[in-house]
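The text takes things one piece at a time.

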2 protein chains.
Amino acid sequence: MSKQILVIGAGRSSSALIDYLLKNAAAEEWFITVGDVSKQTVLAKTRQHPLSKAIAFNVDNAQQRESEIAKADMVVSLLPASMHYNVAKDCVHLKKHMATASYVSKEIGGLDAAARKSGLVLLNECGLDPGLDHMSAMKIIDHIKETGGTLTSFKSYCGGLVAPESNDNPWGYKFSWNPRNVVLAGQGTAQYVEDSKYKYIPYNRLFLQTDTIEIKGYGTFEGYANRDSLLYRTPYGLENIATLFRGTLRMKGYCRAWNAFVALGLTDDTYTISHSDNLTYCELIEAYLPKGKQPTKQKFAAFLQENVDSEVMQKLEWLGIFTDKQITLNNATPAQLLQQLLEEKWKLNTHDKDLVVMQHIFEFNDSKDQPKRIIADLVVKGEDQVNTAMAKTVGLPLAIAVKLILKNKLNTRGVIIPTLKELYEPILEELKSFQVVFNETLTDNS
Amino acid sequence: MSKQILVIGAGRSSSALIDYLLKNAAAEEWFITVGDVSKQTVLAKTRQHPLSKAIAFNVDNAQQRESEIAKADMVVSLLPASMHYNVAKDCVHLKKHMATASYVSKEIGGLDAAARKSGLVLLNECGLDPGLDHMSAMKIIDHIKETGGTLTSFKSYCGGLVAPESNDNPWGYKFSWNPRNVVLAGQGTAQYVEDSKYKYIPYNRLFLQTDTIEIKGYGTFEGYANRDSLLYRTPYGLENIATLFRGTLRMKGYCRAWNAFVALGLTDDTYTISHSDNLTYCELIEAYLPKGKQPTKQKFAAFLQENVDSEVMQKLEWLGIFTDKQITLNNATPAQLLQQLLEEKWKLNTHDKDLVVMQHIFEFNDSKDQPKRIIADLVVKGEDQVNTAMAKTVGLPLAIAVKLILKNKLNTRGVIIPTLKELYEPILEELKSFQVVFNETLTDNS
């Protein structure tokens with residue numbers, strides 16, 4: 001009898017996953033049900049494939065959720081992370097495997113014992129970042145350890161960007177994933193460890209304290225610190241490593257310009273602006289600037305200590321924030337108003353190609369105590385607005401993991417992430433056939 | 001039969017309130033029960049006064065709370081604001097009046113209908129700020145309106161500081177109230193309205209964007225924007241005023257130096273530092289600074305774009321943060337570590353006098369449409385570490401309000417604040433006999 005796979009969510013990063021499942025459905029004897037609030041959105045992805053069914057699906061409808069999960073052998077949730085928990089509880093209750101590309105939440109983590117007891121896999125963090133970052137890092141970390149080496153430093157950077165040939169705006173950025181996450185990125189204090197000392201970077205200067213990263217053939221990028229790197233010590237088995245840093249990549253010049261919005265206060269999502277639809281974007285900017293008689297653009301430049309025609313000011317001006325452009329969202333937070341503007345300006349156009357870039361830098365002493373360095377790069381280019389590098393690098397690892405689980409190739413049970421060799425080895429191997437390949441370079445480090 | 005008053009909490013700002021109640025107890029036929037987690041703390045304040053009783057009181061003990069409230073005619077809560085709600089619920093249930101000096105929370109606000117129905121007063125915001133600010137402002141606002149004037153601008157500043165003769169540290173600051181509130185002050189985004197336009201100042205530059213305020217005989221002070229000034233439009237009846245701003249006062253030079261901690265990230269209370277008791281204060285500072293070979297002090301100065309011997313750096317150095325001073329709190333937030341240091345350095349000594357300063361600036365057109373300005377100043381000096389200006393200006397308004405309520409001089413019922421004339425008139429009048437007097441000056445404003 002064929003295996004039933006239920007995919008919940010057919011948004012931005014679902015295309016490659018759904019394609020993979022459909023292409024393998026006949027050979028693997030799968031039947032794929034895809035549910036989304038919009039059945040039309042599903043049909044655009046499943047295209048009436050005979051081994052697929054599109055359904056309108058409301059994850060908050062407990063009855064529908066349970067009845068669909070009951071029919072499945074395996075559930076893949078591509079919903080926003082906060083919506084996974086009800087699905088996961090049902091999966092445990094109804095004894096179904098589940099896979100997501102999201103971070104393990106505390107609630108999901110709490111299902112570990114129950115999942116193990118029922119012989120279930122609740123796989124998380126199996127997309128790009130988190131996902132491919134774990135797999136590619138663990139492959140090298142395990143190799144270094146197995147060959148008698150000792151890691152001293154691990155830095156890892158990842159970014160979802162736009163390909164050079166589609167880069168036609170001064171920010172070098174277009175949205176290939178959730179715009180809200182981009183606007184709110186970095187709030188809180190970033191934490192990492194450097195030379196065995198804890199280091200902290202608060203949000204107010206996160207985008208000013210960047211590293212420069214070079215990717216062969218693609219030039220230099222900026223990396224800013226990504227949340228709490230210390231969380232990775234235990235899952236990566238690097239409890240005593242002297243330096244551990246994770247960063248997010250942007251094109252050169254992006255961070256300093258983005259910091260203008262942070263400094264102004266426009267990325268705040270904690271309060272709403274009354275009657276915001278009475279304002280123009282220029283008036284919105286003005287509301288955050290000190291009093292003064294200069295025009296808004298000149299005042300903003302003075303506030304930022306920039307020349308009015310500096311690169312930062314050119315980026316800001318290109319967004320149209322110094323014009324009479326009317327705001328249309330009412331009673332919205334500043335972050336929502338900024339997001340609405342950026343979604344229009346940083347839209348990935350029909351034929352635009354996005355770019356996923358990842359780089360790991362490992363420093364270690366080999367078995368002869370010689371200092372060495374491995375740099376592992378990944379660059380994946382999208383095909384167009386729908387078949388993005390982002391959808392490919394999020395969806396394919398997850399889809400391949402689904403195949404491994406349904407073919408019983410995975411022995412571990414419970415709440416897991418793909419730091420396990422039995423997951424990362426076959427997934428990284430199969431990804432090569434999709435041109436998702438890490439380029440690894442070993443050099444002396446003296 | 002005598003009236004029973006239950007006072008809950010005998011901390012920092014209770015001395016003047018307890019003194020007032022005891023002094024008036026015989027004449028007013030009151031009996032005062034004061035409860036605190038520490039009975040000793042109570043006894044130090046009630047000093048075995050024959051019309052008083054000291055009890056050890058645990059507000060989380062529902063049985064004790066109910067039985068003590070049941071015996072009272074009126075309850076005064078000086079607990080931290082978050083602890084008022086259980087007391088307030090019991091008061092409504094047991095039909096007792098209640099008074100606090102804290103902001104009306106949503107929960108307390110929700111008791112309004114029930115309190116009215118039972119003919120009860122739940123008075124809040126009847127201390128200094130909130131409290132005296134409401135009363136003194138409303139007195140002038142009502143007067144301007146009653147004489148046919150139209151308010152165009154209202155700015156109000158308040159600070160709990162240290163008296164010039166006790167000011168022996170470069171910050172010009174010592175703690176006369178809750179240190180935690182001082183360390184966390186201003187987090188979020190300040191909001192106000194200026195020339196009929198909304199204005200916003202995020203935390204990252206709140207302490208750099210200050211006003212200068214002059215108080216006759218006391219020189220100039222700095223004022224930084226205090227939370228959401230817009231919240232005061234409705235209670236003050238100033239819905240259409242063009243300019244409304246509330247600020248907090250500090251001695252000159254304080255704000256720029258305090259901003260060093262904000263910029264560094266040391267006022268963050270959202271995460272803990274593992275093994276913080278392994279660090280010295282110098283190592284803590286270092287953990288927030290970019291990598292580099294300079295000594296911490298020089299690096300911090302460079303980070304702040306200050307000369308190493310600037311006023312800001314002198315203030316920082318005076319705190320001892322560049323020394324090997326060991327941190328003793330473990331797994332604490334950066335804000336907690338900063339607070340512990342400051343509590344030691346900014347301690348009000350036995351004979352130190354604190355200083356409460358308030359200034360309102362009203363601009364209005366009078367009945368003949370002539371532009372006028374009223375400036376109202378209040379300066380109150382404390383006597384010593386216990387009998388502080390803070391305790392006096394928080395406790396006396398509250399104590400006088402208690403008297404008015406028990407003497408049935410107040411007609412309004414429900415959840416109220418002292419913007420009502422029947423409260424502010426007698427309270428401000430009686431405060432004069434305690435030398436708590438606003439100095440008002442009317443001038444042309446052209």
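This is a predicted model: local features need pLDDT of at least 70, side-chain atom pairs count only at pLDDT 80 or more; totals for chains, interfaces and linings use all residues.

Residues are numbered from 1 along each chain as its sequence is written, chains are lettered from A and ligands numbered from 1 in the order in which they are written, and side-chain values use heavy atoms, with hydrogens and water left out.

**The sheet in chain B**

Start with chain B, where 7 strands form an open sheet with parallel pairing, in the order β3-β2-β1-β4-β5-β6-β15. Its edge strands are β3 (52-56) and β15 (414-416) of chain B, and each of them pairs on one side only. On average, neighbouring strands of this sheet are turned by 20° against each other, direction ignored. Two terms to know: strands (E, at least two residues) and helices (H or I, at least four) are DSSP runs, numbered from the N terminus, and two strands pair if DSSP finds at least two bridges between them.

| Strands | Direction | Bridges | Partner residues |
|---|---|---|---|
| β5(B) and β6(B) | parallel | 2 bridges | Met98(B) with Leu122(B) |

Are the residues on the two faces of β5(B) buried or exposed? His97(B) and Ala99(B) on one side, and Met98(B) and Thr100(B) on the other, are all buried. Buried means under 20% relative accessible area, exposed means over 50%, and partly exposed is in between (1.4 Å probe, protein chains only).

**Helices**

Together, β4(B), helix α4 (residues 84-94) of chain B and β5(B) make a right-handed β-α-β unit. Right-handed here means that, with the strands pointing away from you, the path from the first strand over the helix to the second runs clockwise. Another helix, α14 (residues 389-406) of chain B, lies across β1, β2, β4, β5 and β6 of chain B, running at about 165° to β4(B). Such angles run from 0 to 180 degrees between N-to-C directions, with axes as lines fitted to C-alpha atoms, for helices over the stretch in contact.

Over in chain A, helix α4 (residues 84-93) has several buried residues, among them His84(A), Val87(A) and Cys91(A). Just after α4(A), Lys95(A) takes a positive phi of about 60°.

**Two copies**

How do the chains relate? A rotation of 180° with 0.1 Å of shift along its axis superposes chain B on chain A (RMSD 0.1 Å), so the two copies are related as by a two-fold rotation axis. In chain B, the C-alpha nearest the axis belongs to Asn204(B), 3.1 Å from it. The superposition is by least squares on the C-alpha atoms of residues with pLDDT of at least 70 in both copies.

Leu378(A) sits in strand β14 (residues 371-381) of chain A and is buried, with a relative accessible area of 0%. Its contacts (heavy atoms within 4.5 Å) include Leu132(A), Val356(A) and Phe438(A).

Ser276(A) lies in the loop between α9 (254-264) and α10 (281-287) of chain A. At 0% relative accessibility, Ser276(A) counts as buried too. The side chain of Ser276(A) reaches the backbone oxygen of Leu329(A) at 2.8 Å.

Technical notes. A polar contact is a pair of N or O atoms within 3.5 Å; within protein, one must be able to donate a hydrogen and the other to accept it, and residues adjacent in sequence count only if both atoms are side-chain atoms. Lists of a residue's contacts leave out its neighbours within four places in sequence.
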